[in-house]
Amino acid sequence: MNMTRESNRPSGLAAIDREMAHQHSDALASYETAAPMAARAAASLKKTGRLLLLGMGGSHAVNRAVEPLYRALGIDAVALPLSEQLGQPLPIAGRTIFVTSQSGESAEVVRWFNETGGTPDTFGLTLEGSSFLARTAASLVGSGGIEVAFAATRSLTVTFALHLAILSALGEDPAAALAVLKAPEDHEIAAALAALETVSTVVTSGRRLQGVAEALALGLTELSRRPCFSLEGGQLRHGPMEMLGPKIGVVLFRGLDETAGLVTAMAVSAVETGAPVILFDASSEAPVAGAVTIRFAPASGLAAVFAMLPVAQRLMIAFAETRVENAGTPVRSTKITRSE
């Protein structure tokens, strides 16, 4: 990056750059330091067999991304926005509960504990060891301190590493995911960015990687101030295909899992509408003609998430930079949402 570009870069995006620069090292450190508390959380899950994942914003997107990973281990896992749990709660008795908040201070987190008192099987996942959440519940605390930049980047990667520690304690092999964190794949995003040059908005979608798609859509919306949103692949197929065309960008996530063929079919259908299609691909399937494919080493689960997420974040930031002068500086929101 040359000095002219650095001096012209919006301060909000420069702050995100700084967060992203140490997200891999912080994630690795988080995985190591979280081990003792992760063992306690895993023991709770083995006892209850049921998991309720609660969070807001990027934290909920993380919960959505790990939901299928816990289910694959035979755990009855459900991810709900914390606001929804407050208004129309699932029963909490007999469940292990993970409350995720990178700041540990969100309004909904404080109210949920005030109203329920928490439970002995409630665990926090946060980046701030002195926060309300960390003081109130047994918590896994990510390394590197609270995230300062507006859109979630490092906080997502670090929180995924905390989940990797729990999944490891449950018997999953963390080797593939750790290898990606230690040696991240770098990919060019210029073709993908060019494909999205004239779109008015972006829809993201996946199947087992739907949580990653939701995280990207949230960041795109926050940074570009365009109504970018995410639809799980089946839901996109059931009617919303009507919106697709040259002005709607489509970003898909395909991993090395049994849902890869369904993502492929969606990519083919989306290309046929004339929509620019970007395919983040960690499957072993063939590229899709007409789509811009960003190809990763075949991977599933958190290994796929860790590989794709930083590259998707770079695309998100570059997309916003072409559309908003002061991208990264919120005008209607704050980093820590203290009001409901």
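This is a predicted model: local features need pLDDT of at least 70, side-chain atom pairs count only at pLDDT 80 or more; totals for chains, interfaces and linings use all residues.
Biologist: Why are Arg 111 and Glu 115 separated by about one helical turn?

Modeller: Because they sit 4 residues apart in helix H7, residues 107-116.

Biologist: Noted. What do Arg 111 and Glu 115 form, and how far apart are the closest N and O atoms?

Modeller: They form a salt bridge. The closest N and O atoms are 2.7 Å apart.

Biologist: How many salt bridges does a search of the whole structure find?

Modeller: The search finds 13. Side chains of opposite charge can pair when their charged atoms come close.

Biologist: Which residue does Glu 258 form a salt bridge with?

Modeller: Arg 208, with the closest N and O atoms 3.8 Å apart. That pair links distant parts of the chain, 50 residues apart. Glu 258 is in the loop between S8 and helix H14 (260-272). Arg 208 is in the loop between S6 and H12.

Biologist: And the accessibility of Glu 258? What about Arg 208?

Modeller: Glu 258 is exposed, at 66% relative accessibility. Arg 208 is partly exposed, at 27%.

Biologist: What about Arg 254 and Asp 281, where do those lie?

Modeller: Arg 254 is in strand S8 and Asp 281 is in strand S9. They are 27 residues apart in the chain. Their side chains meet in a salt bridge, 2.6 Å from N to O.

Biologist: Are Arg 254 and Asp 281 buried or exposed?

Modeller: Arg 254 counts as buried, because its relative accessibility is 0%. Asp 281 is also at 0% and counts as buried.

Biologist: Which strand is joined to S9 by 5 bridges?

Modeller: S8, and the two run parallel. Val 251 stands opposite Ile 278 in S9. S9 (residues 277-281) also pairs with S10 in the parallel sense, over 4 bridges. There, Ile 278 stands opposite Val 292 in S10.

Biologist: And what packs on that sheet?

Modeller: Helices H12 and H15 do. Helix H12 (residues 210-224) touches strand S6 (201-206), S7 and strand S8 (248-254). Its direction makes about 165° with that of S6. Helix H15 (residues 301-321) touches S6, S8, S9 and S10. The direction of H15 makes about 155° with that of S9.

Biologist: What's the strand order there?

Modeller: S7-S6-S8-S9-S10, an open sheet of 5 strands with parallel pairing. Strand S7 (229-230) and strand S10 (292-295) are the edges, and each pairs on one side only.

Biologist: Now the sheet with S1 in it. What is its order?

Modeller: S2-S1-S3-S4-S5, an open sheet of 5 strands with parallel pairing. Strand S2 (76-81) and strand S5 (138-141) each have a single partner strand, so one side of each has no neighbour in the sheet. The twist averages 20° from one strand to the next.

Biologist: How many bridges pair S1 and S2?

Modeller: 6 bridges, in the parallel sense, with S1 covering residues 50-55. Leu 54 stands opposite Leu 80 in S2.

Biologist: Switching to Thr 126. Where does it lie?

Modeller: In strand S4, residues 122-126. Thr 126 is buried, with a relative accessible area of 1%.

Biologist: What does the side chain of Thr 126 reach?

Modeller: The backbone oxygen of Gln 102, at 3.1 Å. Thr 126 touches several other residues, including Ser 101, Gly 104, Leu 140 and Leu 162.

Biologist: Last one: which residues are buried in helix H10?

Modeller: Ala 177, Leu 178, Val 180 and Leu 181, in a helix spanning residues 175-182. They are on the same side of H10, because they cover an arc of only 155° around the axis.

Biologist: What covers the buried residues of H10?

Modeller: The cover includes helix H3 (23-33), helix H9 (154-169) and H15.

Note on methods. Residues are numbered from 1 along each chain as its sequence is written. Side-chain values use heavy atoms; hydrogens and water are left out. Two strands pair if DSSP finds at least two bridges between them. Contact means heavy atoms within 4.5 Å. Axes are lines fitted to C-alpha atoms, for helices over the stretch in contact, and angles run from 0 to 180 degrees between N-to-C directions. Buried means under 20% relative accessible area, exposed over 50%, partly exposed in between (1.4 Å probe, protein chains only). A polar contact is a pair of N or O atoms within 3.5 Å; within protein, one must be able to donate a hydrogen and the other to accept it, and residues adjacent in sequence count only if both atoms are side-chain atoms. The arc is that of the directions from the helix axis to the C-beta atoms. A salt bridge is a side-chain nitrogen of Lys or Arg within 4 Å of a carboxyl oxygen of Asp or Glu. Lists of a residue's contacts leave out its neighbours within four places in sequence.
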